[in-house]
Amino acid sequence: MQFVDLKGQYNKIKPEVDAAIAEVLAGTAFIKGPQVALFEENLSRFTGAKHVIGCANGTDALQIALMALELQPGDEVIVPSFTYVASAEVIALLGLVPVMVDVDARTFNILPESMERALSPRTKAIIPVHLYGQCAPMLEVLQFAKAHNLRVVEDTAQALGAEYLFPDGTKAQAGTMGDIGCTSFFPTKNLGAYGDGGALFTNDDALAERIKMIANHGQRVKYHHSLIGCNSRLDTIQAAILDVKLKYLPDYLKARREAAAFYDKALAETALAGYIELPYRAPYSTHTFHQYTIIAHPLQRGADASSVRDALKAHLAQAGIPSMVYYPLPLQEQEAFKGVAKAVGGLENAAGLSASVLSLPMHTELTEPIQSEVVAACKEFFAKFAL
């Protein structure tokens with residue numbers, strides 16, 4: 001059993017992917033070939049973002065976004081403490097200060113009230129992360145940002161294709177609501193390349209122009225450098241592959257949601273018994289289920305959640321079932337951020353989730369028999385604790 005079945009997904013579209021790669025090889029435009037612009041145009045149409053600018057990877061996308069906003073060393077950027085390191089790493093890399101705040105224990109996303117506590121005269125931006133495939137509470141984020149003149153950079157690496165529903169009935173895709181959205185095309189993502197890749201989204205013409213320049217050594221005209229930039233390009237071969245896969249993204253998201261619904265139904269009794277907590281669906285967002293993440297609860301009074309989670313993980317591994325912990329250590333406890341970041345409050349939810357979350361196999365090629373094996377192994381583990 002595989003945690004993610006990339007080969008199975010590739011085999012279904014192999015002729016189209018191989019033809020797209022062959023076309024790039026025949027044309028030999030390996031850097032900034034026509035397939036890059038075509039993919040950007042098609043992704044713009046899919047997301048509704050006015051501008052889509054490809055880059056080398058998702059981390060570069062976040063870095064370029066912050067550079068485009070012209071933040072100054074010492075400026076503070078609010079970021080959730082329960083997320084992948086890249087969300088905060090780029091802040092520190094640019095001499096900015098990551099201000100880590102707590103997350104909602106149900107949605108895993110930034111906790112709105114934590115932003116108010118993090119506010120200081122040096123606060124200049126927020127990076128809401130749409131973790132595991134579900135949108136952060138963007139209404140509150142955008143209202144807070146507007147009230148305090150802050151910029152918003154969405155990290156939508158795990159939620160491409162998720163939709164946010166505003167109270168007035170309007171909808172917007174993850175990554176298109178803030179000043180800039182950033183995504184990753186890492187192979188295991190909802191829309192994954194066969195190598196590295198990333199993109200930025202914006203509806204602001206001036207920001208789009210600045211992003212393009214920064215990603216291309218700060219130049220608009222070749223050899224004339226107006227800005228300090230970097231070299232971050234979406235490879236033509238990867239763009240061609242992504243353009244093929246983009247046509248199938250709605251099907252991929254449908255398959256993930258169906259797999260999540262199967263897990264929900266099959267694990268319902270285990271959840272009702274109090275052993276685990278199933279993924280929560282926020283009423284304001286659809287869910288792409290980049291990950292299907294459960295929370296393991298302590299099974300005895302005074303027990304540690306991490307010991308339960310780790311024991312379940314080991315039990316699944318013994319049965320040949322892979323699982324993953326995203327993420328075993330919250331950012332405020334990471335050695336790299338000591339002395340360069342600020343933590344606001346106790347960050348109890350982030351710490352608790354790091355000790356209790358476990359992601360089960362989730363990908364587009366999951367079948368019910370495979371999922372039944374996963375569920376059976378989970379139930380077998382918890383059966384020993386039944387009264």
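This is a predicted model: local features need pLDDT of at least 70, side-chain atom pairs count only at pLDDT 80 or more; totals for chains, interfaces and linings use all residues.
Local features are kept at pLDDT of at least 70 and side-chain atom pairs at pLDDT 80 or more, while totals for chains, interfaces and linings take in all residues. Numbering starts from 1 along each chain as its sequence is written, and side-chain values rest on heavy atoms, with hydrogens and water left out.

The largest pocket has a volume of about 550 Å³ (a pocket being an open set of points on a 1 Å grid over the protein atoms alone, where a 1.4 Å probe fits, with protein on both sides within 12 Å along at least five of seven lines; lining residues have an atom within 4 Å of a point). Of its 30 lining residues, Tyr84, Gln158, Ser184, Phe186 and Lys189 sit closest to the centre. At least two lining residues come from each of α3 (58-68), α4 (86-93) and β8 (180-184) (helices are DSSP runs of H or I with at least four residues, strands runs of E with at least two). By class, this lining splits into 14 nonpolar, 12 polar and four charged residues.

The second largest pocket holds about 390 Å³ of space. It is lined by 20 residues, with Lys32, Glu40, Ile53, Gly54 and Lys212 the closest to its centre.

As for disulfides (cysteine sulfur pairs within 2.5 Å), the whole structure has zero. For cysteine 55, the nearest cysteine sulfur belongs to cysteine 182, 7.6 Å away. Cysteine 55 is also buried, at 0% relative accessibility (buried is under 20% relative accessible area with a 1.4 Å probe, protein chains only). Cysteine 230 has the sulfur of cysteine 55 as its nearest, 8.3 Å away, and is buried too, at 18%.

Strand β2 (residues 76-80) is largely enclosed by the rest of the structure, because five of its five residues are buried. Glu76, Ile78 and Pro80 cover one side, with Val77 and Val79 on the other. Five bridges tie β2 to β3 (residues 97-101), and the two strands run parallel; proline 80 stands opposite valine 101 of β3.

Finally, helix α12 (residues 348-356) has Ala350, Leu353, Ser354 and Ser356 as its buried residues. These pack against β13 (292-296), α11 (305-318) and β15 (357-360), contact meaning heavy atoms within 4.5 Å.

Definitions and conventions: Buried means under 20% relative accessible area, exposed over 50%, partly exposed in between (1.4 Å probe, protein chains only). Grid points are joined across faces, edges and corners, and a volume is the space filled by probe spheres set on the points. Ala, Val, Leu, Ile, Met, Phe, Trp, Tyr, Cys and Pro count as nonpolar, Asp, Glu, Lys and Arg as charged, and the others, Gly among them, as polar. Two strands pair if DSSP finds at least two bridges between them.
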